[in-house]
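Please work through each task before reading its solution.

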Amino acid sequence: MDRLLQDLLKGDTRALSRVITRVENRSADSLDILRQLFRHTGKSQIIGVTGSPGSGKSTLVDRLAAEFRKKNNTVGIIAVDPSSPFTGGAILGDRIRMQTLGVDPGVYIRSMATRGHLGGLAAATADVAAVLEAAGKDPVLIETVGVGQDEIDIVRLAEISIVVLVPGMGDDIQALKAGIMEIGDIFVINKCDRPGVEKMERAILGLLSLGHRADGWQPPIVKTTATKGEGVAELLEAIDRYYVFFRNSISRSRKKQEAERQRLINLLEERLVNTAVEQIFPDGELNDLVSAIAERRQDPYSVVEQIIRSLRFQRLNIS
Ligand SMILES: Nc1nc2c(ncn2[C@@H]2O[C@H](COP(=O)(O)OP(=O)(O)OP(=O)(O)O)[C@@H](O)[C@H]2O)c(=O)[nH]1
Ligand SMILES: [Mg+2]
């Protein structure tokens, strides 16, 4: 193992930054890096924090990280930047860093842009989380804006998902039902210094009462005012309760299996498609085929069939 990775495993911040950049850019050696780091992963708490824009996720993550630091954990934060025009180009990670954490070397913050990841943002986020784990960060907090499929896929990576809501959006909550309501293991009502907290709580309880989870976990509702740090210790307690509840449980191992399956399939898709395209259409013939399909001279079903036949798959013996 080369020096860079050795330094990373010791928690060296510069090595960490360099490795993450390589992994994020899918540089030539990134797969080799991830392969070597893999056995140093799988132990950290991966905590997803999602919610609508401006609900206070970054502020909360900042406070939560500070709370974890009191227990001497070193913390990794991935802020998935929605690249929205509303953020005015401010990098979320920077915004977090400027608050309570200051220049604490025990917290490592990385922003990731939403666009332009080969193989998808969820896969790239999982790889960066793995690198942070290998560098000893525990927990790894992942902040996303819970709107698109990408973000929901990211949340699925996490072992525990915190959904951040704010008072005053009681009527909008119905719209969230299909998406983030279902993935929330803990609900936070942030900005409890504002009116409408009880109404919001009733709305969440109402939605939660519509269905019950197969694993028996009842998602708690934690009230916070992140800007004042209020309720953050309670949030940490709720997280701990979750882990105690699921330690050694069947649904936990099932969830982990499901996450690993998803990960393997994502990786396989990325590699298969790229390899096939490079080897079957080395000179960009894919575009000609696309035109032929658009003009209805070819159909995509036959094309895919031909491609599959040209790849000689064979049974793999796993030892
Ligand atoms: N009144 C009040 N304001 C808050 C609270 N928490 C956060 N804010 C403010 O809400 C604004 C947005 O906070 P952020 O932490 O950046 O929210 P975010 O969800 O990370 O925002 P995006 O990442 O842009 O979606 C900031 O001005 C915060 O100071 C709170 O508990 N009460
Ligand atoms: Mg934010």
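**Exercise 1.** State how many residues surround ligand 1, and classify them.

*Solution.* A residue counts as near a molecule if its C-beta atom, placed from the backbone, lies within 6 Å of it. Ligand 1 is surrounded by 17 residues, the closest being Pro53, Gly56, Lys57, Ser58 and Thr59. Next, sort the shell: four residues are nonpolar (Ala, Val, Leu, Ile, Met, Phe, Trp, Tyr, Cys or Pro), four are charged (Asp, Glu, Lys or Arg), and nine are polar (the others, Gly among them).

The model is predicted: local features need pLDDT of at least 70, side-chain atom pairs count only at pLDDT 80 or more, and totals for chains, interfaces and linings use all residues. Residues are numbered from 1 along each chain as its sequence is written, while chains are lettered from A and ligands numbered from 1 in the order in which they are written.

**Exercise 2.** Determine whether Met200, Ala203 and Ile204 of helix α9 are buried or exposed, and where the buried residues fall around the axis.

*Solution.* Helices are DSSP runs (H or I, at least four residues), numbered from the N terminus. A residue is buried if 20 or more other C-beta atoms lie within 10 Å of its own, exposed if 12 or fewer, and partly exposed in between; C-beta atoms are placed from the backbone. By this rule, Met200, Ala203 and Ile204 in α9 are buried. Viewed down the axis of α9, the buried residues fall within an arc of 95 degrees (taken from the directions from the helix axis to the C-beta atoms), so they line one face of the helix. Glu198, Arg202, Leu205 and Gly206, on the other side of α9, are exposed.

Note on methods: Helix = DSSP H or I, 4+ residues; strand = E, 2+ residues; numbered from the N terminus.
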